[in-house]
Amino acid sequence: MQKKELPGEMYRPSAEVIGRARVKDWNAMVAEAEGDNQKFWAKEAEELHWFRKWDTVLDDSGKPFFKWFTGATTNIVYNCLDRHIENARRNKLAFLWEGENGDFRSYSYFALRREVCKFANVLKSLGVQKGDRVTIYMGRVPELPIAMLACARIGAIHSVVYGGFTVEALAERIDDSASRLVITCDGAYQRGKVVPLKDIADEALQRAATVESMVVVKRTGHDVKMEAGRDMWYHELMALPIAGNDCPAEVVDAEHPLFLLYTSGTTGKPKAILHTHGGYMVGTYTTLKYVFDIHEEDRYWCAADPGWITGHSYIVYGPLLNGTTSFLYEGAPNYPYPNRWWQMIEKYGINILYTAPTAIRGLMRFGDAWPNRHDLSSLRILGSVGEPINPEAWKWYHTVIGKERCPIMDTWWQTETGMFMITPMPCVPLKPGSGTRPFPGIIMDVVNEEGQSVGPNEEGYLVIRNPWPSMMRTLYNDPDRYIKQYWSQFPGSYMTGDSAKRDEDGYYWVIGRVDDVIKVSGYRLGTAEIESALVSHPMVAEAAAIGLPHEVKGNAIHAYVILRAGNSPGDHLTDELRSHVAHELGPIAKPEKITVVDSLPKTRSGKIMRRVLKARALGKDPGNLSTLEE
């Protein structure tokens, strides 16, 4: 077996990469941002359109309820669309879309603005007003971002619910937001099958008293029940005279709510994260521009779903704010064959690919032959999001997909932060498994239980020390929970809920959620570290580790692994894997038991739900499973 390279190995950017990069001196940009943080963000905000400029960049008088660009008025959709129509991007492609069944559509910035205006007029005709909440529950079709943008254009607040959630989860989110309107599809294609979105929405609406209307996009064409007086077809509404080609963007305060996005805690009901027009706009615009080094001719693909924060920030708003051409794909990465992604990268000339480690590991299982069948030379930059990427997957991504040419932007951030927080730029030397350093202007730290900074390579709580423009403003209708969850453990600092280490170079290594740390015989071991050690074995594709009570050690490690194709389980293999982990991390990390499985419980954003594994192993109720993929 090949010797695993030690964490901390440095990959330096090539002269070609640095020569093309917008930012060539990371340290100079950090110094500028730290020297005058408000001036730094104001300079970025100046590149966007404001109906009225701000009086104050940052208002911290009501902290932790921070406000940005107070006194300013704007509209994020004016910046996403109208600003480009008025310059040379009028006929530039905004979106290229491919359906799982091969359908294709494209939208120029001019055409996208027209569709958004038409649907914004439809929303107004249905009684939707500024400040109203609208729930969007759809598959990955262009009408999803169009619906989001139409809501924001008239000052309504969109609440996107991922199109795979259960009836209970959808009803709970509609009810919590008190939405008056639901926008859905008749169905969505996933692995050649139809997901019956309309049927699920119908059942959810039986529990949601606030909904007056439902608009249905025809995607699959299969028969669905349309309730008279409530349900309307999208295409029929868009053909009516009310759907005029122009709808002026509503002038809103910089702090006007833009969207709600629900994220699950380990317990309790989902939290409704609230983001606003002004600060969120500046944060997503700035971070995408620099981190993925966006240039005019780029074709960019964020392979997430618009229903998650990655999709909001880096499929819809960030790319459109930058005037980028984005690619959207409806279906699964490996349908009908494991080369679907690589085929589309070659076909559309994609330059930038941003995806999750779980997708990378999933495609890595099928070997190198599938990507090697395709010309991936158009790729310039790769990205990773959603969880720490283990070094083995990082190196496969870098070598097999990026052909050792493409730097990998390993980004750490959250639904709550709205934008990248720990991330490199193409000019920054990379270490596999590390997100490198905080984005310029962001001050982060690793602290102990008392809130004091820990030394190099010591594990602690990851916190953010200063406010940033795209931070969540509150939890919708629950300000007390906002303070308690994020600002009470370390007063004055934002508690991320993650544990991390910072090495001698100031590079951050995010280990995992605080509740994903296992204490064995007094030693704290991160589940991500154990899982990374298991995945570094040539027979293992994916792994999950949990701690279960042990009368001697306090906790013992139990691991679950998915094998790569062509390998069979057996006692000899599990013994070998246990020894392999002990070799990689030390005897203390040796799993008590390893179970070979066919699948792992994951959220739809690809995160392994270790609490579900733990509850099952202990014979307990796993709790709220609304975010479970299957």
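Modeller: In α4, the buried residues are I76, V77, Y78, N79, C80, L81, D82, R83, H84 and I85. Buried means under 20% relative accessible area, exposed over 50%, and partly exposed in between, with a 1.4 Å probe and protein chains only. Helix α4 covers residues 76–85, and ten of its ten residues are buried, so the helix is largely enclosed by the rest of the structure. Helices here are DSSP runs of H or I with at least four residues, strands are runs of E with at least two, and both are numbered from the N terminus.

This is a predicted model: local features need pLDDT of at least 70, side-chain atom pairs count only at pLDDT 80 or more, and totals for chains, interfaces and linings use all residues. Residues are numbered from 1 along each chain as its sequence is written, and side-chain values use heavy atoms, with hydrogens and water left out.

What covers α4? The cover of its buried residues includes the strands β3 (73–74) and β14. It also includes the helices α5 (109–125), α6 (143–153), α10 (277–291) and α11 (309–321). Contact means heavy atoms within 4.5 Å.

H256 sits in the loop between β13 (252–253) and β14 (257–263). H256 has 12% relative accessibility and therefore counts as buried. Neighbours within four places in sequence aside, H256 touches K130, G131, G155, T276 and H277.

Now the cysteines. The whole structure has zero disulfides, a disulfide being a pair of cysteine sulfur atoms within 2.5 Å. C302 is in no disulfide, and the nearest cysteine sulfur, that of C80, is 15 Å away. C80 is one of the buried residues of α4. C302 counts as buried because its relative accessibility is 3%. For C185, the closest cysteine sulfur is in C151, 14 Å away, which is too far for a bond. C185 is buried too, at 0% relative accessible area.

Finally, the whole chain. There are 19 helices and 30 strands. The radius of gyration is 24 Å, close to the 25 Å from the globule rule for 630 residues, so the chain is as compact as a globular protein of that length. That radius is taken over C-alpha atoms, and the rule is 2.2 Å times the number of residues to the power 0.38. The C-alpha trace spans about 70 × 60 × 50 Å along its principal axes. Of the 630 residues, 62% are buried. Among contacts with a separation of 6 or more, 71% join residues 24 or more positions apart.
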